[in-house]
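Dear colleague,

I am handing over the structure below, and after it I set out what was found. Please read the notes with the model open beside you.

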Amino acid sequence: MDHFQTFQVLPNIPRTLSFLEVLSRNYWWSWELDAEQLFCRIDLELWENSGRNPGLLLTNVPQKRFEELSTDPGFLDHQARVKALFEARINAPIPDAYKAVYGREGAIAYFSMEFGIHESLPIFAGGLGILAGDHLKAASTLGLPLVGVGLFYRQGYFHQHISKDGWQQEEYPETDIYHLPLEKIRDDQDREIHITIPGNAEDIKAVIWKVSVGSVPLYLLDTNLRENPPHIREITARLYESDQARRLAQEMLLGVGGVQVLKAVGIIPRVFHMNEGHPVFSCLERLAQTMEMTGVDLRTAREIIPRTTVFTTHTPVPAGHDEFAPELVKPYLHQFEDRLGVSVDEIVSWGQHTGADENSKLSMFVLGLRMSQYLNGVSKLHGRVARRMWKNVWPGRPEAEIPIGHVTNGIHIPSFVSRDNAMFFQNRLGVNWHRNSWRRESLKEIDAINDVDLWEAHKRSRNRLIKNCRHFLKKQCERRNAPKNVVEAAESALDEDVLTIAFARRFATYKRANLLLRDLDRLDEILSNTDRPVQIIYAGKAHPTDEEGKSLIRHIFKHATDERLRHKIILLEDYDIHMARLLVQGADVWLNTPRRPLEACGTSGMKAAVNGVLNVSILDGWWCEGYTEETGWAIGKGEDYEAHADSDLVDSHALYNVLENEVIPCFYDRAGGSTPFRWVKMMKASMKMILSDFSSLRMVEEYEKKFYVRASRRYGELLDHKGKGARKMADVRERYGSEWGDISIALPMCERIGNEPIRVGEVFPVTAMVHLGDLKPEEVHVELYHGSVQSLDTLYESHTEMMTVREDKGNGMYLYACNLTCASSGQYGFSARVTPRGDELIKCTPGFVTWAGAEKEP
């Protein structure tokens with residue numbers, strides 16, 4: 001049937017319970033335990049069967065139950081308590097400190113391809129999306145004026161089933177939007193607001209949904225409109241389409257359409273934050289809108305956009321970034337020829353590598369680099385990897401000075417902490433424990449939690465995990481039509497008193513899910529030890545096109561169904577946030593075995609650690625910063641290997657050793673009774689580490705202080721007086737661009753007298769002859785660059801000393817000088833360079849650096 005009218009019948013909720021509908025339409029309830037308990041209290045079994053979705057729960061509650069609750073004093077008191085807290089948090093004014101920076105109407109726009117808010121809203125695939133959801137939740141808690149922009153996927157990411165042969169199978173059920181807290185955006189005349197962007201052969205039209213995440217609105221674009229042809233409606237059907245044309249359409253809609261959404265709803269952000277490279281086309285629409293709204297030209301707009309843009313990368317390998325052939329991209333860009341006043345070829349070149357052929361692919365990452373001043377990886381190690389990976393974009397700049405920093409990811413703790421642990425934190429740190437968790441002076445209170453009480457609470461979480469695992473396994477077996485004895489055996493799988501290791505994450509080959517399975521005889525000895533047994537839970541999905549990842553799943557399935565290891569190893573299907581929550585709360589050990597340094601951050605270990613689950617991990621991603629002997633165990637010592645076979649062999653032996661010699665003995669050390677006190681001490685240290693250093697509140701505050709504040713202030717400075725500040729920056733850049741080729745600098749000379757050995761504490765002058773052409777000394781920095789010699793052309797622990805003009809030689813020639821102090825003994829080297837004065841974006845412009853002795857290009 002092509003055309004029919006739809007309507008929705010809502011439950012007849014008594015007036016005294018009307019707040020339940022309000023609460024169900026804001027995901028704030030999902031991280032406030034008392035609010036979630038209010039829904040549980042209605043009907044716990046119905047709550048679980050509804051997938052913990054309040055909209056579906058309220059639809060299915062019998063009218064009689066509503067009538068009972070409407071006069072239940074205990075329930076009404078509970079509702080009143082939650083309502084008071086909800087209104088206080090959601091209606092709280094923006095803090096004055098934020099108003100001073102972002103203005104009364106200013107905002108930060110956060111763009112992401114996926115958002116993991118809750119399992120009932122399946123528009124995420126994994127860690128990137130959950131991080132984005134945690135970012136919005138933390139912003140809400142802090143009162144930061146932030147708005148999210150993404151896409152609404154009707155079929156989301158796939159549901160996973162594993163065949164009786166162990167192969168992953170994908171299923172894409174349609175999401176029931178009528179039981180989700182989605183609000184369709186309408187204009188003053190109550191008409192749906194549609195966003196339209198030019199497509200490959202025809203326009204792409206999308207409707208806008210709004211989801212409330214606490215005080216933060218999340219806007220989602222959806223092409224499933226009746227007036228769209230089927231192939232356009234399918235653009236937002238599934239997350240991470242493998243088809244390049246559809247993937248490009250998604251990213252164009254997210255970027256270009258997302259900026260149009262903000263304009264349509266009356267939001268003009270001062271700062272844009274792109275979570276990975278998928279939203280980078282937003283910069284093109286922002287350039288056009290900036291020119292149209294302020295009257296500035298393109299060269300001026302290109303000074304504004306980067307200085308107000310944050311670009312976060314999560315990918316530690318170049319191949320992980322999206323690239324599109326020019327012939328695919330150009331049809332979408334024709335609209336910008338008139339709006340920007342440049343050719344499509346010129347726009348495409350902004351996303352191509354320097355010196356690349358005109359037919360080379362447009363890299364979303366390269367385009368993002370060129371359109372953003374504030375660039376960061378998501379852990380300290382990842383920042384270093386990203387600088388090394390992209391140093392070719394900034395030729396002549398030392399790796400340590402590549403302008404890519406880092407902000408280590410954090411987690412939204414209330415979304416993942418167990419109820420028992422949340423109560424421990426509340427009792428020791430106060431009702432607002434989450435808001436104050438990073439204050440180190442209060443964390444000593446965690447040590448005061450009774451050891452036995454903490455261990456008993458953890459045992460309850462483990463029991464709950466195992467109970468759910470048995471339920472999941474039984475369902476899996478029944479779906480595969482397994483024999484009755486296999487189904488019955490699933491109901492008794494695992495043991496509530498055995499050390500439980502969890503490995504749950506995306507099945508990508510670099511994550512090495514099979515590392516623990518390399519020596520099956522040794523593993524069998526570990527698992528089958530009658531005095532100190534171990535059991536392992538695996539869960540995770542492989543991308544539908546990742547055949548190697550699917551083979552890993554099949555490999556694990558094979559061993560999980562082997563008689564020797566059956567029920568000592570289990571593999572769970574359809575990993576999602578709900579399952580993750582059970583695992584990070586109930587496992588004893590969180591295992592992480594990536595091939596270093598390919599794990600950008602890895603936040604699942606943080607979620608485990610805040611629940612007292614101890615990490616056993618390769619020193620990669622966040623664990624390089626979190627690991628101490630008090631908080632968990634390291635596999636290896638942070639070695640990097642060129643050959644994968646060498647890495648796998650060495651790391652697997654290290655893993656077996658640490659399990660046999662450290663982890664298992666510590667867990668089963670019960671000298672003081674039934675409680676492993678040494679293990680519990682490590683649990684507490686692990687909890688304190690996450691509370692203080694790896695909370696999403698810390699993460700968002702770090703983004704705010706490092707990037708958002710600076711970007712917002714630059715927005716005001718650049719646009720004041722009709723863009724006078726931005727035009728000045730454009731003039732400065734143009735002057736450097738036309739004059740920089742005339743700069744040269746001779747090799748610096750040491751003016752030390754005599755040939756005696758140089759001793760610690762000695763100070764001697766260094767000079768360099770510099771030709772600046774038509775540039776003036778006040779327009780440049782001349783620096784002495786020095787440090788310990790690592791190789792013939794590399795210094796480490798480098799430092800710079802500013803050189804000053806000693807003498808004007810005339811005709812643009814200057815003698816510069818400075819003093820060099822020998823602070824410690826060793827082998828040292830030095831050179832000199834010229835860089836522009838100005839802000840960081842000007843200073844870091846590729847090509848704006850000249851080194852001593854460098855030959856000029858013809």
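At 11% relative accessibility, Thr603 counts as buried, where buried means under 20% relative accessible area, exposed over 50% and partly exposed in between, with a 1.4 Å probe and protein chains only. Thr603 sits in the loop between strand S18 (589–592) and helix H24 (604–609); helices (H or I, at least four residues) and strands (E, at least two) are DSSP runs, numbered from the N terminus. Once neighbours within four places in sequence are set aside, Thr603 is in contact with Asn409 and Ile411, contact meaning heavy atoms within 4.5 Å.

Before going further, please note that this is a predicted model, in which local features need pLDDT of at least 70 and side-chain atom pairs count only at pLDDT 80 or more, while totals for chains, interfaces and linings use all residues. Residues are numbered from 1 along each chain as its sequence is written, and side-chain values use heavy atoms, with hydrogens and water left out.

Another loop residue is Pro533, found between helix H21 (520–528) and strand S16 (534–539), and Pro533 is buried, with a relative accessible area of 19%. Not counting residues up to four places away in sequence, Pro533 touches Val498, Leu499, Ile526, Leu527 and Tyr668. From Pro533 to Leu591 the separation is 58 residues in sequence and 17 Å in space, C-alpha to C-alpha.

Turning to the interior, a nonpolar core is a set of buried Ala, Val, Leu, Ile, Met, Phe, Trp, Tyr and Cys residues joined through side-chain atoms within 4.5 Å. The largest such core has 141 residues, and those with the most contacts inside it are Leu23, Phe281, Leu340, Trp350 and Tyr708. Helix H10 (residues 244–264) gives the most to this core, with nine residues. Apart from this core lies another, of 74 residues, among them Ile162, Leu527, Phe557 and Trp679. The contacts of Phe281, not counting residues up to four places away in sequence, include Leu248, Glu251, Met252 and Gly255.

As for the aromatic rings, those of Phe, Tyr and Trp (its six-membered ring) pair if their centres lie within 6.5 Å, and planes under 30 degrees apart count as stacked, over 60 as edge-to-face and the rest as tilted. A search of the whole structure finds 31 aromatic pairs. One of them joins Phe152 and Trp209 in a tilted arrangement, 6.4 Å centre to centre and with 55 degrees between the planes. Phe152 lies in the loop between strand S2 (146–151) and strand S3 (159–162) and Trp209 in strand S7 (residues 204–213), so the pair ties together parts that are 57 residues apart in sequence. Phe152 is buried at 1% relative accessibility, and Trp209 is buried too, with a relative accessible area of 7%. The rings of Phe667 and Trp679 have their centres 5.1 Å apart and their planes at 85 degrees, so this pair is edge-to-face. This second pair links Phe667 in helix H26 (residues 644–667) with Trp679 in helix H27 (residues 677–693), twelve residues apart, and both residues are buried. Ring pairs also link Trp455, Trp633, Phe667, Tyr668 and Trp679 into a cluster.

Next come the charged side chains, where a salt bridge is a side-chain nitrogen of Lys or Arg within 4 Å of a carboxyl oxygen of Asp or Glu. By this rule the count comes to 59 salt bridges. Lys688 forms one with Asp447, the closest N and O atoms being 2.9 Å apart, and this pair links helix H27, which holds Lys688, with helix H18 (residues 444–447), which holds Asp447, 241 residues apart. Asp447 is partly exposed, with a relative accessible area of 41%. Arg833 forms a salt bridge with Glu783, with the closest N and O atoms 2.8 Å apart, and links strand S27 (residues 828–836) to strand S24 (residues 780–791), where Glu783 lies, 50 residues apart. Arg833 counts as buried at 5% relative accessibility, as does Glu783 at 11%.

Finally, a search of the whole structure finds zero disulfides, a disulfide being a pair of cysteine sulfur atoms within 2.5 Å. For Cys469, the nearest cysteine sulfur is that of Cys477, 13 Å away, and Cys469 is buried at 1% relative accessibility.

With best wishes
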